[in-house]
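Open the model in your viewer and start with a plain cartoon view. This tour tells you what to select at each stop and what is there.

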Amino acid sequence: MSAISRLSSNAPWEPVVAYSRLVRAGDYVAVSGTTALDEHGLVVGGGQMYVQARQALANIRTALERAGVSLRDVIRTRMFVTDIARYAEAARAHREVFADFPPATSMVEVRRLIHPDMLIEIEADAYASTNSSEPKPKTASKPKASRQVKKSAVKKPAAKKPARRK
């Protein structure tokens, strides 16, 4: 069984709620709901969904990197927004980060978040395989024939005899 490790970001709510920013159990990594707090615990981008989404994603990147994982390993995100009509702003920030390796995702409108200035909270799940010999999937590869047949195994059809004329 793999050990479980927990990382804190020192957000003010971690000790109050008793949660970790990131929990890693073997190859599986879960990043808690992450908002637009800066390193001083202040909300970045008041009233700006895009700016807050970018900051939340940057905070997720920092947590993942501390655990030795990259954004490429993210397999799922969940975005909780306070105004779904502004989804395009959140989507823009998400697309800038994940366009080349898109995870499964959800965006859900919620009534409010823990701080009145927060507009978005993002969760992320990642899979960081420790098996480095595992082949990486190729993009845009041409389909290959399902199997090759040995020439010796292929029988030639019998030659037809020319028809006789009467």
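The stops below go from the whole chain to the sheet, then to the helices and a few side chains.

**Before you select anything**

This is a predicted model, in which local features need pLDDT of at least 70, side-chain atom pairs count only at pLDDT 80 or more, and totals for chains, interfaces and linings use all residues. Residues are numbered from 1 along each chain as its sequence is written, and side-chain values use heavy atoms, with hydrogens and water left out.

**The whole chain**

Colour the cartoon by secondary structure: there are three helices and six strands. Helices (H or I, at least four residues) and strands (E, at least two) are DSSP runs, numbered from the N terminus. Followed from the N terminus, the order of elements is β-α-β-β-α-β-α-β-β. Of the 166 residues, 30% count as buried; buried means under 20% relative accessible area, exposed over 50%, and partly exposed in between (1.4 Å probe, protein chains only).

**The sheet**

Select the six strands. They form an open sheet with mixed pairing, in the order S1-S2-S3-S6-S4-S5. Two strands count as paired if DSSP finds at least two bridges between them. Which strands stand at the edges? They are S1 (4-7) and S5 (104-109), and each has a single partner strand, so one side of each is left without a neighbour in the sheet. From one strand to the next, the twist averages 10°. Axes here are lines fitted to C-alpha atoms, for helices over the stretch in contact, and angles run from 0 to 180 degrees between N-to-C directions.

Now zoom in on S1 and S2 (residues 22-25), which run antiparallel and are joined by four bridges. Select Ile 4 and look across to S2, where its bridge partner is Ala 25.

**Helix H2**

Next select residues 49-66. This is H2, which packs on the sheet and touches S1, S2, S3 (28-34), S4 (74-81) and S6 (120-127). Contact means heavy atoms within 4.5 Å. The direction of H2 makes about 30° with that of S6.

Show the side chains of H2. The buried ones include Met 49, Ala 53, Ala 56, Leu 57, Ile 60 and Leu 64. An α-helix has 3.6 residues a turn, so residues three or four places apart point the same way. The buried residues of H2 pack against S1, S2, S3, S4, H3 and S6. Just after H2, select Gly 68, which takes a positive phi of about 75°.

Select residues 87-98, helix H3, which lies across S4, S5 and S6 and runs at about 160° to S4. Then show Arg 92 and Tyr 50: the charged end of Arg 92 sits over the ring of Tyr 50, 3.7 Å from its centre. The rule asks for NZ of Lys or CZ of Arg within 6 Å of the ring centre and within 35 degrees of the ring normal.

**Aromatic pairs**

Rings of Phe, Tyr and Trp (its six-membered ring) pair if their centres lie within 6.5 Å; planes under 30 degrees apart count as stacked, over 60 as edge-to-face and the rest as tilted. How many aromatic pairs does this rule give? The count is two.

Select Tyr 28 and Tyr 127, a tilted pair at 5.1 Å centre to centre with 55° between the planes. Tyr 28 is in S3 and Tyr 127 in S6, 99 residues apart. Last, select Phe 98 and Phe 101, an edge-to-face pair at 6.0 Å and 85°. Phe 98 is buried, at 2% relative accessible area, and Phe 101 counts as buried at 18%.
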